[in-house]
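Hi everyone, thanks for making time for this. Please have a look at the structure on the screen, and then I'll walk you through a few of its details.

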Amino acid sequence: MFSGFDFEVIWRSLPYLFREGMSFTVTLTLLAMSGGVVFGTLLAMMRLAHFRPLSLVAASYVNLMRSVPLVLVIFWFYFLVPWIGGWAIGASQPIHVGAFWSSVITFTMFEAAYYCEIMRAGIQSIARGQVAAGNALGLNYWQTMAHIVLPQAFRNMLPVLLTQTVILFQDTSLVYVISVTDFLGAAAKIANRDGRLVEMYLFAALVYFVVSFAASRFVRRLQASVAVIR
Amino acid sequence: MISIRDVSKWYGSFQVLTECSTEVAKGEVVVVCGPSGSGKSTLIKCVNGLEPFQQGIITVEGISVGDPTTDLPKLRARIGMVFQNFELFPHMTVTQNLTLAQIKVLGRSREEALAKGLALLERVGLKDHAGKFPGNLSGGQQQRVAIARALCMDPIAMLFDEPTSALDPEMINEVLDVMVQLAQEGMTMMVVTHEMGFARRVADRVIFMDGGRIVEDAAKEEFFGTPRSERAQLFLSKILQH
């Protein structure tokens, strides 16, 4: 059945697929995850703030990001970020932002909305008595957050945060719309160049599956051990 | 040292405290009792500003708790508090629980904080448990660590919010013993509790609350001898029956 196929093409293009493609995908995933978790945590703290305008701003941002398709966000940011950057530093011309940094910023901003909701649930899962205990010892808001609430919230939410990161890993393939070569993009290039569409797309799907599946198995094991710690 | 004057507090339209007034002098041990929902925990939490109140004035050593210009964290650092559910930080070891605020709030060095923490841990009889996590300790042990944690800050007064209510009966005494010792050393204490044995042994005064009001505020002998209010009599007869 596979007589007409040439799987040799995969073997030949492995170095390119992984050195160019996968390294971009992984770098983007890790950067967007780190940035997204930090920014998302700040958003979560804003959403839970007693100061209404602050929580309103954060809530609007999160709701906006979560109701727009990612492809659109990638597009918009690609065109907007140079202008916003230029405006921010007071330049008369839009600044030059490469496709790489544009996608890092986009994914960070977009994923932050999702990480925000996860961290918000995490912060709310910490009993109010813990905050009271921190305050009673003289710790201020930031110290209570940094030493008592966030470490526990983060630990409780670790499995969900990682699951969201697996989704992020898959979503990074959408950068094809701004012509960036990620893993899927690299596979597509080879496929078109050598006319081996079926082989390359099958292989790409397999790689995404293996990585995601392995990651979610890891999360499940982690979940069990986190449950023991608590 | 602690002065509470005409304090009233509302949750929305529901009034939880009505014109509560009392004083706690330096070195005095005051027990606050009353039926559940009487506002005694709320009152004690107003003293270090964990609960805001809408009317009245509370001062601790002359510093007004309700004043928005007061540096509340600084004031709280000088008032120890022990909670019903211990509230140790579960992600930290006993030692880390004891040293965190000393280092972050009082600016003590790690060594200094550790020495202080271990000394107090020994005092509550738990020096072998320094490296454990709270989850591996019994309730009584956790509460004793919580007392040690508060004492690490060299507090000028200690607030106890039902410190033995969440404990199994066999663990109550180990916690009360620590509190009795503390009282005998002259610590200023405000204790919300139903442990009338503790009140008899070390209290100077007993405050009885009902429906958000201080109904009775009397010297210990007077309170246990002939409480003036009917409600206090009823309460006492109910909890002293067995």
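Let's begin with one residue: B:Phe235 counts as buried, because its relative accessibility is 10% and the cut-off for buried is under 20%. Before we go on, please keep in mind that this is a predicted model.

Which residue does B:Phe235 pair with? The partner is B:Phe208, and the two rings make a tilted aromatic pair, with 5.1 Å from centre to centre and 50 degrees between the planes. B:Phe208 is buried as well, with a relative accessible area of 1%. Now find the two on the chain: B:Phe208 belongs to strand 9 of chain B, residues 205-210, while B:Phe235 belongs to helix 9 of chain B, residues 230-239. They are 27 residues apart, so this pair links distant parts of the chain.

How many aromatic pairs does the structure hold over all chains? There are 13. Let me show you one in chain A, formed by A:Tyr141 and A:Trp142. The ring centres are 5.3 Å apart and the planes stand at 80 degrees, so A:Tyr141 and A:Trp142 are edge-to-face; the cut-off for that label is over 60 degrees.

Is A:Trp142 buried or exposed? With a relative accessibility of 55%, A:Trp142 counts as exposed, because the limit is over 50%. A:Tyr141, at 42%, is partly exposed. Chain A also has an aromatic cluster, made up of A:Phe18, A:Phe169, A:Phe183 and A:Tyr208.

Now let's turn to where the chains meet. On the chain B side, 20 residues are in contact with 17 residues of chain A. A general point first: the size of an interface is often given as the accessible area lost when the parts come together. Here the buried area is about 1,600 Å², and carbon and sulfur atoms give 67% of it.

Which elements of chain B give two or more residues to the side that touches chain A? They are helix 2 (72-76), strand 6 (79-82) and helix 3 (94-104). Helix 3 of chain B gives the largest share, three residues. Sorted by class, the chain B side has 14 nonpolar, two polar and four charged residues.

What about polar links between the two chains? Five residue pairs are in polar contact, counting pairs with both residues at pLDDT 80 or more. For salt bridges across this interface, the rule finds zero.

Terms used: Residues numbered from 1 in each chain as written. Chains lettered and ligands numbered in written order. Predicted model: local features only at pLDDT ≥ 70, side-chain atom pairs only at ≥ 80, totals over all residues. Heavy atoms only, no water. Contact = heavy atoms within 4.5 Å. Buried area = accessible area lost by both parts, 1.4 Å probe. Salt bridge = Lys/Arg side-chain N within 4 Å of Asp/Glu carboxyl O. Polar contact = N/O pair within 3.5 Å; in protein donor to acceptor, adjacent residues only side chain to side chain. Helix = DSSP H or I, 4+ residues; strand = E, 2+ residues; numbered from the N terminus. Nonpolar A, V, L, I, M, F, W, Y, C, P; charged D, E, K, R; others polar. Phe/Tyr/Trp six-rings, centres within 6.5 Å; stacked < 30°, edge-to-face > 60°. Buried < 20%, exposed > 50% of the residue type's maximum accessible area, 1.4 Å probe, protein only.
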